[in-house]
Amino acid sequence: MTAEPVLKVEDLHVWFDIDGGELHAVQGLDLDLRPGERLGLVGESGCGKTTTILALMGLLPPSASVSGRVLLDGEDVLAKGEETVSPHRWRDIAMVFQGAMNAFNPVKTVGSQIVEPMELHGIASGRAARAQAAELLDLVGITGSRGDRYPHEFSGGMRQRAAIAMALACSPKVLLADEPTTALDVMVQAQILELLVRLTDELGLSMVLVTHDLPVVAQVCGRASVMYAGKVAESGPMETLFHRPRHPYTRMLFQATPDLYGDDEVKSIPGVPPRLDRPVPGCAFQPRCDSAFARCVDQEPRLRSVGEAQIAACHLNDVPAAVLP
Amino acid sequence: MSAEAVTAGGADPPLLEVEGLVTRYPIARSLAGTLMRREQLHVHAVEGVSFSVEPGEMLALVGESGCGKTTTAQTVMRMVDSDEGRIRFRGRDISRLSHRQLRPLRREMQIIYQDPYESLDPRYRVRDTVAEPLRIHGIGSSRAERDELVEQALVQAGLRPPELYLDRFPHELSGGQRQRVAIAAAMVLGPQLLLADEPVSMLDVSVRAGILRLLDELRRKGLAIVMITHDLSTAAHFADRIAVMYLGRIVEEGPAKDVVRNPLHPYTKALISVVPKRDPRDSTRPQILTGETPNPVFIPQGCRFHPRCPIAQESCRSVDPELRRPASATDPTHRVACILA
Amino acid sequence: MSELIQIADAPPPAETGGGRRAGFIREVMFGQKVAIVGNSILLFFVVLAVAAPWIEPYSTTKQVGAVYAAPTAKHLLGLDDGGIDMLSEVIDGARVSMIVGFAAAAVAMLIGGGVGLLSGYFGGKTDVLLMRITDYFLVIPDVPLMIVAAAVFGRSLINIIVIIGVIYWTSTARLIRAQVKSVRERVYVKRARALGAGHWRLLASHITPQVAPLLVANTVLTIATAVFAETYISFLGLGDPSTISWGRLIQNSLTGGAIFHKAWWAIIPPGLCVTIVILAATMVGQAMEDALNPRLRVGHLSVRRFRLRPLQGRLDSE
């Protein structure tokens, strides 16, 4: 059907040490990213999406423990922890961090900060590196010569572009973008999203876009996984997620998002996500779900196929069609 | 208050009326700059803004960063002094009142802020935060009386049962709950006007609707609300009227549904086209403007939007358009500042 | 109808970082080992100072033996140049040193805190004026000032306390001013202003409580400085002649020729006490400041990385 995934995550778990126990931040996540694809990883704060991509980059703090397989072009980069991750970091898989536009070193020129990863990873150095950095800036829509300027001379949108250029410094196959447009104005957001689409289409780059903003994912990604309480609740093509969601959380999340033209009622989801420092009985979403029934309270639903390339973890999918909402 | 309260037509004046508001901030000059007598530059945050709000109406001030919407709100609340223009509350000119004279007015106009995590004093329990306005204005002669008002305000803000929340500290509450506490503290004095500065942008999506619906409910009970937001979708859904701001001016204003479905200003049209839609099948072609909003220190001559305007003409460089109702408007109150509309 | 908001079984998990300050002092004082050790030492000396008249084995005025007699079982620290029991003198000296140390630090805290609060909160001309004054005080050299003050106002305990307080309030003022400036911009302060709160309410109810932990931490550190200042003031002979303090004991030993007599017991014990008290105050003060300053946390710079766990496996796969 389609090419082999360039990135395949299997059964990823992440735990954090906290006072008096452990926080199970990611609970058995699977993910696969095809070449040239833009995959969305959607969820609200605390669902584990940022932790997931940090785990893929091997950038978790010492208080974290990780298990699972992260296959980059077939090779498990998590096999021996830092040892196996670091050769790939930035060279094969790179990341644009949340708030990256504010993370520039104010006393170094933007160009030199793009050159830095090139030199660190032995891709290029000196004049050649500076020339490549200028090309990268051009690629992201900033005139190459502006690499001699300092970060404070750039606007927010331009800094975000520069952050993307920095991520592409070593020509990775996979780009992980964490909330790349969250702090930006809507027009600048449109420019950045257009850039990301162009990069993936023209360079054959594969991208995982992490965000809480559903419409952004709807516009830019072909497929998405919706996360809740450390697990994937539903995953599938964007159109299917919107028009035929098979998990109440997905449906309710769309319902909670106002649409520019739509007149349908905007409804919030009552309650709060569960604490992840203790095991959650049954379905993690059940206390807030509008369609929960008896089984949801003590039986955890498993992710299973519910349609063409669509999977969801909800007991409602096991119940005869007549009862479905 | 009585002298200006009655207008020529004898009709009630709007609750809030803002006319030709101008607010500028001088930029600090370096020592060298002062010595060389360089021209004092200003940030032209608000450059002539006029609007009015009636009780039970929600006006959304929409725009990108640098458009002056937050400064407008601060000026209306008299947290910042305006340089020119008038602010009239219930017909009374409050633009030049001293802070002592403004104090009783603080009971009538209130504000809630964007960041629920910073809005509440971390040392105050919920009870203290909501009771503070009562203490400041000397309302309620006993703790029991004040507690009663506090509980009523909490219930009104959707925090039920109030006893569960009274003794909590902010760090024990979620973002949505904190914002409701802030709303309760604003409402406990029974104001007539509420300014909401990006009230939900820092909250999770699943929680936003609850807060917005709460504001809507308060509006239906007669509260006038000016909501500042960068999110057109939220404005379209919850506001009665939308005013689109660009570089310190209102460039388009009208009923929310009209502005969104029949935008008349090229900036509004572009904004609407780039707002991401929920439905992946939506095939609106985004009209992405080049560059970014210019620095409000250097406002372009003529129409302030003309450098980025996709349909700008020769005359746009010299004419600074007024807000007026064009022929293509479907609603009599839909106005736009564009000579080509 | 508004949706019911429920807390469910327990309130939502507290956010990490930037947590509540209430009880922070307790946390540090009883939680951190450094602070516990420092506090214990300080407590010891405070008790010593308070109970001095009852504890000291001999009088501090009557000669009980030969000049510079060596330590014996009856006189653990020997005798000084006047034949007076050294141990009693050291214990007695704790009184003045501790009193001056704490009192002067309190004076510095009041002046410095006050200046910092007003300067940081009101800004503008008030700020400029107060900071100018602070600069002047910073520049005045302390020893000449003390000599002049001793000459003009006389050498009493009160004067010493005031002078030390007056010399050392400046760094507190700057620290508090910076903190107040930042707290003033917090949203909840702006909100209270919008509600109509006046300056004094804002200062008293919102700003001071937020600044208080830093002020306390800084004051504890000032105690160390003040104790040292008293020591060298007395050492220079500018101290109150009618009282015994550690500084005075050190001065005595110098003028009384203790070195010539190789009477280490007359020189070292008071100096050691001063050092230990300063160290203890610094330990506590530093622990508090560290707890207040998140930027001092450097855990993220660790070379240690995340750990691996074996594959979890699933009960049933799809």
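In this predicted model, Met77(B) touches Arg106(B), Met109(B), Gln110(B), Ile111(B), Leu195(B) and Ala194(C), once residues up to four places away in sequence are set aside. The residue sits in the loop between helix H3 (69-76) and strand E4 (84-89) of chain B. Met77(B) has a relative accessible area of 0%, and therefore counts as buried, the cut-off being under 20%. Gly56(B) is 21 residues from Met77(B) along the chain, and the C-alpha atoms of the two are separated by 19 Å.

## The three chains

Chain A has 10 helices and 12 strands. Chain B has 12 helices and 11 strands. In chain C there are 11 helices and 1 strand. The order of elements in chain C, from the N terminus on, is α-α-α-α-α-α-α-α-α-α-α-β.

| Chain | Residues and share buried | Accessible surface and share from carbon and sulfur atoms |
|---|---|---|
| Chain A | 325 residues, 57% buried | about 12,900 Å², 51% |
| Chain B | 341 residues, 57% buried | about 13,900 Å², 48% |
| Chain C | 318 residues, 44% buried | about 16,300 Å², 66% |

For chain A, the C-alpha trace spans about 65 × 50 × 45 Å along its principal axes. The C-alpha trace of chain B spans about 70 × 55 × 55 Å along its principal axes. With 341 residues, a compact globule would again have a radius of gyration near 20 Å, and the 21 Å of chain B agrees with this.

Contacts between residues at least 6 apart in sequence can be sorted by how far along the chain they reach. In chain A, 63% of these contacts join residues at least 24 apart. The share is 64% in chain B and 73% in chain C.

Charges were also placed for two of the chains. Chain A carries 29 positive and 41 negative charges, and their mean positions are 1 Å apart. Chain B carries 45 positive and 43 negative charges, with mean positions 2 Å apart.

In soluble globular proteins, nonpolar side chains tend to be buried together. The largest nonpolar core here holds 122 residues, and Val130(B), Ile242(B) and Trp246(C) touch the most other members. Helix H11 (residues 264-292) of chain C supplies the largest share of this core, 12 residues. A second, separate core of 101 residues includes Leu54(A), Val70(A), Ala133(A) and Leu241(A).

What is Ile242(B) in contact with, leaving aside its neighbours within four places in sequence? Its contacts include Leu59(B), Ala60(B) and Val62(B), as well as Leu232(B), Ala235(B) and Ala236(B). Also among them are Glu252(B), Glu253(B), Gly254(B), Ala256(B), Val259(B) and Val260(B).

## Backbone details

Most residues other than glycine have a negative phi, and most peptide bonds are trans. Two alanines of chain A and one peptide bond of chain B can be set against this background.

Ala229(A) is not a glycine, yet has a positive phi of about 50 degrees. This residue is found in the loop between strand E9 (223-228) and strand E10 (231-237) of chain A. Is Ala229(A) buried or exposed? Ala229(A) counts as buried because its relative accessibility is 6%, and buried means under 20%. Leaving aside neighbours within four places in sequence, Ala229(A) is in contact with Gln27(A), Cys47(A), Pro274(A), Leu276(A) and Ala284(A). Ala25(A) is 204 residues from Ala229(A) in sequence, and the two are 7.5 Å apart in space, C-alpha to C-alpha.

Ala309(A) also has a positive phi, of about 55 degrees, although it is not a glycine. Ala309(A) lies in the loop between strand E11 (304-307) and strand E12 (310-312) of chain A.

In chain B, a cis peptide bond joins Arg160(B) and Pro161(B), with omega about -5 degrees. Pro161(B) has its place in the loop between helix H6 (143-156) and helix H7 (163-166) of that chain.

Note on methods:
Residues are numbered from 1 along each chain as its sequence is written. Chains are lettered from A and ligands numbered from 1 in the order in which they are written. This is a predicted model: local features need pLDDT of at least 70, side-chain atom pairs count only at pLDDT 80 or more; totals for chains, interfaces and linings use all residues. Side-chain values use heavy atoms; hydrogens and water are left out. Helices (H or I, at least four residues) and strands (E, at least two) are DSSP runs, numbered from the N terminus. Buried means under 20% relative accessible area, exposed over 50%, partly exposed in between (1.4 Å probe, protein chains only). Contact means heavy atoms within 4.5 Å. Accessible areas come from the Shrake-Rupley method with a 1.4 Å probe; for residues, only the protein chains shown count as cover. Lys and Arg count as positive and Asp and Glu as negative; His and the chain ends are not counted. The place of a charge is taken as NZ of Lys, CZ of Arg, CG of Asp or CD of Glu. A nonpolar core is a set of buried Ala, Val, Leu, Ile, Met, Phe, Trp, Tyr and Cys residues joined through side-chain atoms within 4.5 Å. The radius of gyration is taken over C-alpha atoms; the globule rule is 2.2 Å times the number of residues to the power 0.38.
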